[in-house]
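Hi,

Here is the structure I promised to pass on.

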Amino acid sequence: MADTPALLIRDATDDDIPAIVEIVNHAIRNSTSMWETQETTLEARLDWLHTSQASGFPVLVAQMPDGNVAGYSSWKMFRPFSGYRHTVEHSLYIAPAYKRQGIGSALLQALCERATAANVHVMIAGITSTNIASRRLHERFGFQHGGLLPECGTKYGRWMDLLFLYRIMSPA
């Protein structure tokens, strides 16, 4: 990661929540990468952080040398049934000012390392089919095409397709 040598990937804390809220709300307002239309709040994201951590799910942030949070990544159970207990679905978002600087790669690398250490068998990414940058990032990390669900979501008055990518993290 030559582009960002002083970048720190670490576990998120309560102090990171305002930056995460800003990143999430920007994605809600300005992109189809997050299929949500209602902005989040500090309280909602604090609850998410605490619930994630209590469940053993990582929430990582990318901290720049100046202390700013440039992005975050996390995972949750793919589906709430015991048969899926070794499969997680992850999220990764970068603040607009820090895109195309290798931060997404650093966060995804760290998340994959955590998944391997936690004996996760499969990681899944659900990506808006038109998000070519995210698809290419995941493909560089060994994620493969898992399926396309046409017109299963809507935002900005149009139907959107959901692309599933997956990576088997450990042998069967």
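This is a predicted model: local features need pLDDT of at least 70, side-chain atom pairs count only at pLDDT 80 or more; totals for chains, interfaces and linings use all residues.

To get your bearings, where is the place of P96? P96 sits in the loop between β4 and α3. (Helices are DSSP runs of H or I with at least four residues, strands are DSSP runs of E with at least two, and both are numbered from the N terminus.) P96 is partly exposed, with a relative accessible area of 44%. For these labels, buried means under 20% relative accessible area, exposed means over 50%, and partly exposed is in between, using a 1.4 Å probe and protein chains only. From P96 to R114 you count 18 residues in sequence and 25 Å in space, C-alpha to C-alpha.

Residues are numbered from 1 along each chain as its sequence is written, and side-chain values use heavy atoms, with hydrogens and water left out.

**The pocket**

The largest pocket has a volume of about 1400 Å³. On a 1 Å grid over the protein atoms alone, a pocket is an open set of points with protein on both sides within 12 Å along at least five of seven lines; a cavity, by contrast, is a set of points where a 1.4 Å probe fits but cannot get out. Grid points are joined across faces, edges and corners, and the volume is the space filled by probe spheres set on the points.

How many residues line the largest pocket? There are 50, and S33, L92, Y93, N131 and S134 lie nearest its centre. (A lining residue has an atom within 4 Å of a point.) Elements giving two or more residues to this lining are α1 (17-30), α2 (42-54), β3 (69-77), β4 (87-94), α3 (103-117), β5 (122-128) and α4 (132-140). By type, the lining divides into 21 nonpolar, 20 polar and nine charged residues. Here Ala, Val, Leu, Ile, Met, Phe, Trp, Tyr, Cys and Pro count as nonpolar, Asp, Glu, Lys and Arg as charged, and the others, Gly among them, as polar.

S33 counts as partly exposed, at 28% relative accessibility. S33 and A62 are 29 residues apart in sequence and 19 Å apart in space, C-alpha to C-alpha.

**Salt bridges**

The structure holds four salt bridges, each being a side-chain nitrogen of Lys or Arg within 4 Å of a carboxyl oxygen of Asp or Glu. Here are some of them.

R114 is partly exposed at 31%, and D11 is partly exposed at 39%.

R29 and E39 form another salt bridge, at 3.2 Å between the closest N and O atoms. Because R29 lies in helix α1 and E39 in the loop between α1 and α2, the pair ties together parts 10 residues apart in sequence.

Then there are E139 and R135, which meet at 3.3 Å, N to O. They are four residues apart in helix α4, so about one helical turn separates them.

**Aromatic pairs and cysteines**

The count comes to five aromatic pairs. Rings of Phe, Tyr and Trp (its six-membered ring) pair if their centres lie within 6.5 Å; planes under 30 degrees apart count as stacked, over 60 as edge-to-face and the rest as tilted.

W48 and Y72 are edge-to-face, 5.7 Å centre to centre with 75° between the planes. W48 lies in helix α2 and Y72 in strand β3, so the pair ties together parts 24 residues apart in sequence. Y72 is buried, at 2%.

F78 and Y84 are also edge-to-face, at 5.6 Å and 70°. Together with F81 and F164, they form one aromatic cluster.

As for disulfides (pairs of cysteine sulfur atoms within 2.5 Å), the structure holds zero. C112 is buried at 3% relative accessibility, whereas C152 is partly exposed at 41%.

Cheers
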